[in-house]
Amino acid sequence: MCTGKCSKCIGRLLLPLGLCAIIANILLYFPNGEVLDADKITDFVWYFHGILGAGLIVYLPAFLMLGAGGDGCCANRCGMLLSMLLSAMGFFGAVYCMIMSSLGLEQGPLCDTGDGDYVYPFRNQTLEESYLFNQTTWDICKKPKDVVLWNVTLFSILLVIGALEAVLCLIQVLNGLCGCLCGTCKRQRQTDVT
C-alpha cells in the first residue's frame, strides 16, 4: 500500500474517533443527563481531554491525512514530513486523553452521598477496595442518580478512544517516516511521444 493511501485510511479512522471523544467529553458535563452547577461536576471533566486531546488535536493530522494520496499534500516528501510531525502531536493528544481518563476513573465521581454535600467518596482507595471492582459500593452516591455508571462508562470510552488514536497516530508517524525517507509511490504517467 502506498504511504499516501495508508495516510488517507488512517485519517478516515481518526475522524469518527475524534467526534466520539468530543461527544463523550461533553456528556460528562451532564451526569445522567442532568444539568448541574459547575462545582458539582467531577474535576477531571474540566481538563477537556476528550474535546482537546482526543478531539481537536487529533483532527489536525486527520485532515492532513485525508488530503493524502494522488496529488494531495502527502504526495511528496515534505508533505509526509508534515504528516509525521502532526501525527506525533496527535499521539501526544491521545496519550493526554488516556492519562486524564485513567485518573478520572481512579478518582471516581463527585456526588452527594445523602447529606447534601458533594464529595469524592471513592478517592484514595487501594486497588483491592476500588469501586471499579465492587459495584455494590456504587449505591453510596445518591445524587445525581447513576453518576458512577455514567462516569465509568464515559471515562472508559475516552480511555479506549485515546488508546486507538495513539496507535493510529503512531502508525502514521512510522508511515510518514517511510514516505519521507523512501518517497511516496506516486505514479508517473507515461506519455508516448511519436
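This is a predicted model: local features need pLDDT of at least 70, side-chain atom pairs count only at pLDDT 80 or more; totals for chains, interfaces and linings use all residues.
**Ground rules.** I number residues from 1 along each chain as its sequence is written. Local features need pLDDT of at least 70, side-chain atom pairs count only at pLDDT 80 or more, and totals for chains, interfaces and linings use all residues, while side-chain values use heavy atoms, with hydrogens and water left out.

**α3 and α4.** I looked up helix α3 (residues 77-107) against helix α4 (residues 147-182); helices are DSSP runs of H or I, at least four residues. Their axes, fitted to C-alpha atoms over the stretch in contact, come within 7 Å and cross at roughly 160°. The pair is therefore roughly antiparallel (over 145 degrees). The contact of α3 with α4 has 24 nonpolar, 13 polar and 2 charged residues.

**α2 and α4.** Helix α2 (residues 49-66) packs on α4 at about 30°, axes 11 Å apart. These two are therefore roughly parallel (under 35 degrees). I logged this crossing as left-handed. In contact (heavy atoms within 4.5 Å), α2 gives H49, G50, A54, V58 and M65, and α4 gives F155, L158, I161, E165 and Q172. By class I get 6 nonpolar, 3 polar and 1 charged residues.

**Cavity.** I searched for cavities (sets of points on a 1 Å grid where a 1.4 Å probe fits but cannot get out). The count is 1 cavity of 30 Å³ or more.

Definitions and conventions:
On a 1 Å grid over the protein atoms alone, a cavity is a set of points where a 1.4 Å probe fits but cannot get out, and a pocket is an open set with protein on both sides within 12 Å along at least five of seven lines; lining residues have an atom within 4 Å of a point. Grid points are joined across faces, edges and corners, and a volume is the space filled by probe spheres set on the points. Axes are lines fitted to C-alpha atoms, for helices over the stretch in contact, and angles run from 0 to 180 degrees between N-to-C directions. Angles under 35 degrees count as roughly parallel, over 145 as roughly antiparallel, 65 to 115 as roughly perpendicular and the rest as oblique. Ala, Val, Leu, Ile, Met, Phe, Trp, Tyr, Cys and Pro count as nonpolar, Asp, Glu, Lys and Arg as charged, and the others, Gly among them, as polar. A crossing is left-handed if the near helix is turned anticlockwise from the far one by less than a right angle, and right-handed if clockwise.
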